[in-house]
Amino acid sequence: MIQETVKTRPLLVPQYMTQFSCIGSACEDSCCIGWRVNIDEDTYRKYKKSRDTELKPLFGKNVTRQRSNTTSTSYAKIKMGNGGRCSFLSEENLCKVQLNLGEELLSNTCAIYPRTINSINGVIEKSATMSCPEAARLALLNPKGIEFDEIEESTNTRGFMVKQIETEHSKYRNKPQKYFWELRIFSIQVLQDRTYTLAERLIILGMFYQKIQEQINKDGDVYAIPNEIAKFTNLMANQGMKDLLVEIPVQLAVQMELCKELVDYRYGQGINSQRYIECLTEMLQGIQYTREATIEEVTEYYKKSLKEYYEPFMTEHEYILENYLVNYIFKNLFPLEQKTLFEDYIMLVIHYSLIKLHLIGMAGFHKGLTNDLVIKLIQSFAKTVEHNNTYLNKVLNLLKVNDFATMPYMAILVKN
């Protein structure tokens, strides 16, 4: 008997991906609640042909064609029931499609989540969004930091590319994409250099991207990028950035005002995640935020929560936020998602500063933090904010319109 050889392909992954598997009904949140679920064309046609006595009427009632902007990957959608629950969820929060028909009959969206799949120069990269509690625990709670492995997977593994890039393509000859790998590796190395605090690392990264962006705006030349990487790497190794960082002022009132404006803006958009609403409520109570309170009063409570409850925990557990930022950079092909390199950096700071604001308020509410509280916040934040590109783009525009999209303001948002 001839044994068939399984064809494989190389895969670049953060190490936590080799440990990840869905924990099903044991999960404290459900990826099937509060979101829109797209159905690809192939799966839609299989559902229409199904003869399963329980599921056939559900398919007819709850799976509807997408009538605008239809693609093969977004061909139909599942109608959500009460509380935003998927119509195919059992009382035990298990998927009836998978229970009755097997995993191969799940849509691409359901089969792949929480994985994000990108392709760089033909090499597949997989990581996970932190909106999955189990993925968040594996990725964020590792004190040694995130490392990356090249592994093999079957070429038949299901998946669809979120983003693809060929950095050597001629159209990128004088574009930042040409130096994508150098920029990404440098950014991760900066964020993982624990001889500096995480706030210092973020500010250094901002100084670098501000310098690069100024050069690109001036003469459109990206060829200075390798030299700037070398300069900043050398300065960091020799602690040459420390004096510059000390001179940056701490302005908690301005930080408070900027962050609160962003949170208020999100609150006005409507929130589906009950877990995030709980975190947001605790944050507001923790800094004594009310409509009647002045920014000065709220800032005093914010300062108290920061010094007495947030910093004692985060001094020992800063690697959690470091891991979040490193995963963000890898997953989102940072710094190539926004119109400019510096705007990509701004988006990174928006995520960091909003998470930090929530955690400081929650620390005040609980009189301290735990790993479970931090995971709950980051996971529900990712589900509510990170997956909402419309909101994030509006936040970026809000900063630009108010002239806040500058390095001085980014430093204010970052530095405690």
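Let's start with Met-256, which touches Ile-287, Ile-295, Val-298, Thr-299, Tyr-302 and Leu-357, leaving out residues up to four places away in sequence; touching, or contact, means heavy atoms within 4.5 Å. Met-256 sits in helix H10, residues 252–267. Helices (H or I, at least four residues) and strands (E, at least two) are DSSP runs, numbered from the N terminus. Is Met-256 buried or exposed? With a relative accessibility of 0%, Met-256 counts as buried. The cut-offs are these: buried is under 20% relative accessible area, exposed is over 50%, and partly exposed is in between, using a 1.4 Å probe and protein chains only. Ser-21 is 235 residues from Met-256 in sequence, and the two are 38 Å apart in space, C-alpha to C-alpha.

Before we go on, keep in mind that this is a predicted model, where local features need pLDDT of at least 70, side-chain atom pairs count only at pLDDT 80 or more, and totals for chains, interfaces and linings use all residues. Residues are numbered from 1 along each chain as its sequence is written, and side-chain values use heavy atoms, with hydrogens and water left out.

Now for a sheet. Three strands make an open sheet in the order S2-S4-S3, with antiparallel pairing. Two strands pair if DSSP finds at least two bridges between them. At the edges are S2 (38–39) and S3 (63–65), each of which pairs on one side only. S2 pairs with S4 (residues 76–78) in the antiparallel sense over two bridges. Look for Ile-39, whose bridge partner in S4 is Ala-76.

Across S3 and S4 lies helix H2, residues 55–62, running at about 40° to S3. For such angles, axes are lines fitted to C-alpha atoms, for helices over the stretch in contact, and the angles run from 0 to 180 degrees between N-to-C directions. Which residues of H2 are buried? They are Leu-55, Leu-58, Phe-59 and Asn-62. These residues are on the same side of H2 because they cover an arc of only 105° around the axis, where the arc is that of the directions from the helix axis to the C-beta atoms. Here's a handy bit of background: an α-helix has 3.6 residues a turn, so residues three or four places apart point the same way. On the other side of H2, Pro-57, Gly-60 and Lys-61 are exposed. The cover over the buried residues of H2 includes helix H1 (41–49), S3, S4 and helix H3 (96–101).

Next come pairs of helices. Two packed helices are described by the angle between their axes and the distance between the axes. Helix H13 (residues 319–331) packs against helix H14 (residues 341–366) at an angle of about 150°, and their axes are 11 Å apart. That angle makes H13 roughly antiparallel to H14: under 35 degrees counts as roughly parallel, over 145 as roughly antiparallel, 65 to 115 as roughly perpendicular, and the rest as oblique. On the H13 side, the contact is made by Leu-321, Tyr-324, Leu-325, Tyr-328 and Ile-329, while H14 brings Met-347, Leu-348, His-351, Tyr-352, Ile-355 and Leu-359.

Compare that with helix H11 (residues 274–286) and helix H15 (residues 371–386), which pack at about 120° with their axes 8 Å apart. That angle makes H11 oblique to H15. The H11 residues in this contact are Arg-275, Tyr-276, Glu-278 and Cys-279, and among those from H15 are Lys-376, Leu-377 and Phe-381.

Where is Pro-335? You'll find Pro-335 in the loop between H13 and H14, joined to Phe-334 by a cis peptide bond with omega about 10°. Another cis peptide bond runs from Tyr-113 to Pro-114, with omega near 10°, and Pro-114 is in the loop between helix H4 (108–112) and S5.

Finally, Gln-288 has phi near 55°, a positive value in a residue other than glycine. Gln-288 is in the loop between H11 and helix H12 (295–317) and, at 40% relative accessibility, counts as partly exposed. Lys-367 has phi near 60°, again a positive value in a residue other than glycine. The loop between H14 and H15 holds Lys-367, and its relative accessibility of 54% counts as exposed.
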